[in-house]
Amino acid sequence: MPNCKLILEVVDVKGFCPFYKKGSKITFCEPAIIKEESDELCYGALLSFGPFYRPLVRGIPPEELGLGDGYISCHSAPLVIPEAHGTVFFKIKQIPVEKTPEDLWINDLEEKGILGDTETIKRKFWPENPDQPY
Amino acid sequence: MVRNKVIMEASEINGTCPIYEIGDKIVIEPVPGKNVSTINLKETSAICTRILGTSLTSYTLFLEYAKPSQEDDDKLPWQTALGPNHSKCPMVGPPYTECGYVLFKVYGVPQKEG
């Protein structure tokens with residue numbers, strides 16, 4: 001299973017949503033959101049996607065997760081009450097990538113002379129007192 | 001400080017859900033004397049892992065500490081009291097996904113001091 005870049009594209013908005021309109025996108029590439037390739041970031045919508053992020057970004061197809069052809073919706077309830085926002089429907093697109101941002105970071109360090117496999121390189125950054133916040 | 005019991009109650013199901021029926025509850029209770037809370041497994045119907053970590057569960061800590069407002073007219077609806085907030089699980093529902101979505105009503109129940 002290849003690592004994937006994920007694009008959540010808004011395919012419909014039922015009701016009033018202050019952030020998203022049809023065609024808005026959020027793009028993920030493990031371990032982050034790519035800001036340059038994303039529109040608005042609604043925290044609630046991101047949380048709704050949270051449980052599915054890890055399997056999808058690591059290449060498990062949406063069908064196997066019970067998401068049909070790759071559809072997910074936000075948390076907002078389709079209710080006609082004043083505090084309700086519109087429900088946003090996203091289409092999930094998976095694009096296989098050869099290198100994640102972490103791979104690129106490791107490559108960059110190797111080019112700067114910090115050599116070794118991934119674990120060896122990471123070990124160089126391990127703190128002496130990992131339990132202390134500062 | 002007295003905290004609230006928080007209840008997530010399935011109030012509507014669009015399509016079919018293999019886990020929840022209307023009226024099913026997830027009950028979250030504060031641990032007395034500690035700033036943590038637990039899911040009451042005896043009073044809870046089921047816990048679907050697909051709602052863990054979503055907006056649905058992010059309401060719970062807020063509602064645990066929320067206090068009913070004395071000035072309801074001056075406040076926004078979600079600040080006035082203990083809910084209910086309405087939120088749904090991430091499933092889209094038929095015909096796009098086999099599982100339907102569940103709409104939860106999330107609210108706080110004040111506990112007696114002592």
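Analyst: This is a predicted model. Start with pairing: two strands pair if DSSP finds at least two bridges between them.

User: What makes E1(B) and E5(B) a pair?

Analyst: 10 bridges join E1(B) to E5(B). The cut-off is at least two bridges, so they count as paired. The two strands run antiparallel. Within E5(B), Leu103(B) is the bridge partner of Glu12(B).

User: How do you know that E1(B) and E2(B) pair?

Analyst: There are 4 bridges between them, in the antiparallel sense. At least two are needed, so they pair. Ile7(B) has Val27(B) as its bridge partner in E2(B).

User: Why is Ile39(B) called partly exposed?

Analyst: Its relative accessible area is 33%. Buried means under 20% and exposed means over 50%, with partly exposed in between. Ile39(B) falls in between, so the label is partly exposed. Ile39(B) lies in strand E3 of chain B, residues 37–39.

User: Which residues make a nonpolar surface patch with Ile39(B)?

Analyst: Leu41(B), Ile47(B) and Leu52(B). The patch covers about 350 Å². Patch residues need over 30% relative accessible area.

User: What makes up the largest nonpolar core?

Analyst: It has 38 residues. Tyr20(A), Phe49(A), Phe90(A) and Phe104(B) have the most contacts inside it. Elements of chain A and chain B each supply at least two residues, among them E5 (87–96) of chain A and E5 (101–110) of chain B. H1(A) gives the largest share, 7 residues.

User: What does Phe90(A) touch?

Analyst: Its contacts include Leu8(A), Tyr20(A), Ile26(A) and Cys74(A), not counting residues up to four places away in sequence.

How values were computed. Residues are numbered from 1 along each chain as its sequence is written. Chains are lettered from A and ligands numbered from 1 in the order in which they are written. This is a predicted model: local features need pLDDT of at least 70, side-chain atom pairs count only at pLDDT 80 or more; totals for chains, interfaces and linings use all residues. Side-chain values use heavy atoms; hydrogens and water are left out. A nonpolar core is a set of buried Ala, Val, Leu, Ile, Met, Phe, Trp, Tyr and Cys residues joined through side-chain atoms within 4.5 Å. Buried means under 20% relative accessible area, exposed over 50%, partly exposed in between (1.4 Å probe, protein chains only). Contact means heavy atoms within 4.5 Å. Patches are made of residues with over 30% relative accessible area and no salt bridge: like charges are joined within 9 Å, nonpolar side chains (Val, Leu, Ile, Met, Phe, Trp, Tyr) within 5 Å. Accessible areas come from the Shrake-Rupley method with a 1.4 Å probe; for residues, only the protein chains shown count as cover. A salt bridge is a side-chain nitrogen of Lys or Arg within 4 Å of a carboxyl oxygen of Asp or Glu.
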